[in-house]
Amino acid sequence: MLKDLNLVGGMTNTDWLNQFHDEMRTHKITQGQLAKTADYSRSHLNQLLTGNKPINEQARVRLTLALRSLTGQNNIDVCIDYLGVTFKSHDYEELVTELFQINPNHFNLKEGARYGYAATLKCGEIDVLLSPYQDVNADGYDPSEDSGTMIELKGQGCRYVESYLRQQDRTWYDFLEICIALDGHFTRVDLAINDRNGLLDVPALIEKCDRDEFTSRFHGFRDNRTKQWEVSGRTLYLGSPQSEVYFCIYDKAFEQHQKHPEIAIEDQPIEVRLRRKRAAAAIKNLLAERDPEKVVFGIINRYLRFLTPSHKAKSQWATDPRWDAFIGNYRDKLRLSTNPEPLSYAHITRWLKKQVAPSLKMLQLIDQYNGTTELKAIIDGGKLTQRHWDLIHHYQHHRNGVLTDAAPSEISKKSDYADQSK
């Protein structure tokens, strides 16, 4: 398929049109369907496809996106890639039960935590940060020192939660509504738009920054680039990491490919990282609109636009065709997607296949030749950590619909926090 928009450049019009016609025939797409999706008249489209009218870069992008949409290969979606929520309550059992619908006994207590919290409850990639209980009715109570409870879901944590949500026939919208019902305060949310077909060309966007072919609302962006934007490998950061709005355009799969060469380089996302008031406003709009495209691209369009230079004044430059396509023209509406498989499981199986499977096969053959059970003895002697038990319970939940008894953990310590919060 039109895997990326290298078709836009580097090919003659004749070669591009030949490949485009091949794709139309393969997928049985008619000119009528294409004209309607690309918002062209039938006569104008026919002249473009027959070569009677010159086909420029913008027309190639427009037709490519229309064809992707018609063939179901317009693979762009939005997902939550980080979520931080704080609660005044110290009753972590209620929070865990209401939010995740998980037995609190499946969380393992660890002393110490980030952000000044005292302890961390973990279940797989889900982190619940606890602060020491303070009696609000006691003399000397200082609200500023009472952090309550925090739920922190990083990228893998979000995927982990999604696996439970899907099993429970719930969505992120349901989860976020419960956060609000429990008086949760959103401290940060990252919304990632995943471009799985390579519509974005990160190096090209970096070059556009270098050539000043963009407009931005980030203060000081052009005046002090060394502090306000940074290029790192194939990554482009816009804004300040401490600000309430911060953009990150990067080739996520490129970073994964460096660690795991067997992974194909396809996924190029842009992340919109929102903090404090901006995070709360975005969540509120998501719940009100149920339209993640409108929310996330509304933020992007307010702060950033890449341009195509011309002889006119910069204020009259047109939007870059690829960027124009990315922000919403000529494609279907985006959905708030989920990718529920816990990444830890995928990492384990990938590591086994690549690093361990040959040795296991060798030991298996030696046992067969010698009539021994050395491989079984090695497996039986393995020691599982709490993290392993968390993953086991996670998959038991998926198979049975309910969680089984918890693995051995520091239940007595967790009960101390629960007793204090009653």
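Modeller: Let's start with one term: a residue is buried at under 20% relative accessible area, exposed at over 50%, and partly exposed in between (1.4 Å probe, protein chains only). This is a predicted model, where local features need pLDDT of at least 70 and side-chain atom pairs count only at pLDDT 80 or more, while totals for chains, interfaces and linings use all residues. Residues are numbered from 1 along each chain as its sequence is written, and side-chain values use heavy atoms, with hydrogens and water left out.

Colleague: Which residues of helix α2 are buried?

Modeller: Helices (H or I, at least four residues) and strands (E, at least two) are DSSP runs numbered from the N terminus. Helix α2 covers residues 31–38, and its buried residues are L34, A35 and A38. Seen down the axis of α2, they fall within an arc of 100° (taken from the directions from the axis to the C-beta atoms), so they line one face of the helix.

Colleague: What do the buried residues of α2 pack against?

Modeller: Contact means heavy atoms within 4.5 Å. The buried residues of α2 pack against α1 (13–26), α3 (42–49) and α4 (57–71). After α2 comes D39, with a positive phi near 60°.

Colleague: How many salt bridges does the structure hold?

Modeller: Look for a side-chain nitrogen of Lys or Arg within 4 Å of a carboxyl oxygen of Asp or Glu. The structure holds 19 such salt bridges. In one of them, the side chains of R114 and E152 meet at 2.4 Å, N to O. R114 sits in the loop between β2 (108–111) and β3 (119–123) and E152 in strand β5 (residues 149–153), so this pair ties together parts 38 residues apart in sequence.

Colleague: Is E152 buried or exposed?

Modeller: E152 is buried, because its relative accessible area is 1%.

Colleague: Where does R276 lie, and where E244?

Modeller: R276 and E244 form a salt bridge (3.6 Å, N to O). R276 lies in helix α11 (residues 276–289) and E244 in the loop between β9 (235–238) and β10 (245–250), so the pair links distant parts of the chain, 32 residues apart. R276 is partly exposed at 40% relative accessibility, and E244 is partly exposed at 24%.

Colleague: What does R278 form with E244?

Modeller: R278 forms a salt bridge with E244, with the closest N and O atoms 3.9 Å apart. R278 lies in α11 and E244 in the loop between β9 and β10, so the pair ties together parts 34 residues apart in sequence. R278 is partly exposed, with a relative accessible area of 36%.

Colleague: Which residues do salt bridges that share partners join into one network?

Modeller: That network joins E207, K208, R211, E213 and D320.
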